[in-house]
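Subject: Structure for you, with notes on helix packing

Hi there,

Here is the structure I promised to send over.

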Amino acid sequence: SLFEAVGHAIGGLTLGLLDFKHAAAERDFAWDLQRCDQVIAAYIDDVDDRQKPLLQRVLRRYSEELKPLLPKLRRSVVHNDPNDYNLVVGEDGQVGVLDFGDMVHSYTCADAAICMAYLLFHVPNDQPLVTSLRPFVSSFKARCPLEAAEVDALFGLAVLRVCTSVTMSAYQSKLDPGNEYLLISAKPAWNLLP
């Protein structure tokens, strides 16, 4: 399946970056999953008032369920943006990854979580989300084994990436209201979150 091929590619990329070090990756970056709660809190006022309670509920769950796992997660340099617009599928079904401009030193499992966030947009409404993502996660783990805490954190981190995306979209759209690209993920993200 396509999700399996994507997992294979992203798992291979994560594995290849495990021992990579570069000073430029040590930076504060709004899209770093390590900062998602801070970014959402900083820009939540730019989100439509009707949608704020949803983000606030996600942040509460983050504090209760996900935050205790975070100190257990490995860290390494990650691609940090393996979304559907940064993936290329060849005629043979192999998947390549584009756009390395968001690389940062973050959670090793970040690329799996971020990719899952955007794959969720493509799960049909009548399909269970977790079941649909199993081929991706299994294929990722076959290339780059994940530790137990990383597996436990994956779905929560994916949801936080979706929340970061809608929050940043609202903020950036106020700065540049005519830029439709800034809203490219907002509609499918809000459809996923309710």
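Below is what came out of the analysis, starting with the ground rules.

This is a predicted model, so to speak of local features a pLDDT of at least 70 is needed, side-chain atom pairs count only at pLDDT 80 or more, and totals for chains, interfaces and linings use all residues. Residues are numbered from 1 along each chain as its sequence is written, and side-chain values use heavy atoms, with hydrogens and water left out.

**Helix α4**

Buried means under 20% relative accessible area, exposed means over 50%, and partly exposed is in between, with a 1.4 Å probe and protein chains only. The buried residues of α4 include Ala110, Ile114, Met116 and Leu119. Their cover includes the helices α1 (2–17), α5 (129–143) and α6 (148–175), along with the strands β1 (75–78), β2 (87–89) and β4 (104–107).

**How the helices pack**

Two packed helices are described by the angle between their axes and the distance between the axes. Axes are lines fitted to C-alpha atoms, for helices over the stretch in contact, and angles run from 0 to 180 degrees between N-to-C directions.

- α4 and α6 pack at about 60°, and their axes are 8 Å apart. On the α4 side the contact (heavy atoms within 4.5 Å) is made by Ala112, Ala113, Ile114, Met116, Ala117 and Tyr118. On the α6 side are Leu154, Phe155, Leu157, Ala158, Arg161, Val162 and Ser165. By class, that gives 11 nonpolar, 1 polar and 1 charged residues. Here Ala, Val, Leu, Ile, Met, Phe, Trp, Tyr, Cys and Pro count as nonpolar, Asp, Glu, Lys and Arg as charged, and the others, Gly among them, as polar.
- α1 and α4 pack at about 155°, with 10 Å between their axes. That makes α1 roughly antiparallel to α4; angles under 35 degrees count as roughly parallel, over 145 as roughly antiparallel, 65 to 115 as roughly perpendicular and the rest as oblique. Phe3, Val6, Ile10, Leu13 and Thr14 of α1 meet Asp111, Ala112, Cys115 and Leu119 of α4. The classes here are 7 nonpolar, 1 polar and 1 charged.
- α5 and α6 pack at about 135°, with their axes 12 Å apart, and that makes α5 oblique to α6. Leu129, Val130, Leu133, Val137 and Lys141 of α5 make this contact with Val151, Leu154 and Phe155 of α6. It has 7 nonpolar, no polar and 1 charged residues.

**Two single residues**

Asn80 sits in the loop between β1 and β2. With 0% relative accessibility, Asn80 counts as buried. A polar atom of the Asn80 side chain lies 3.3 Å from the backbone oxygen of Asp102. Leaving aside neighbours within four places in sequence, the contacts of Asn80 include Trp31, Asp102, Asp111, Ile114 and Arg161.

Leu54 belongs to helix α3 (residues 52–66). At 15% relative accessibility, Leu54 also counts as buried. Its C-alpha atom is 37 Å from that of Ala23, which is 31 residues away along the chain.

Best wishes

Methods:
Helix = DSSP H or I, 4+ residues; strand = E, 2+ residues; numbered from the N terminus. Polar contact = N/O pair within 3.5 Å; in protein donor to acceptor, adjacent residues only side chain to side chain.
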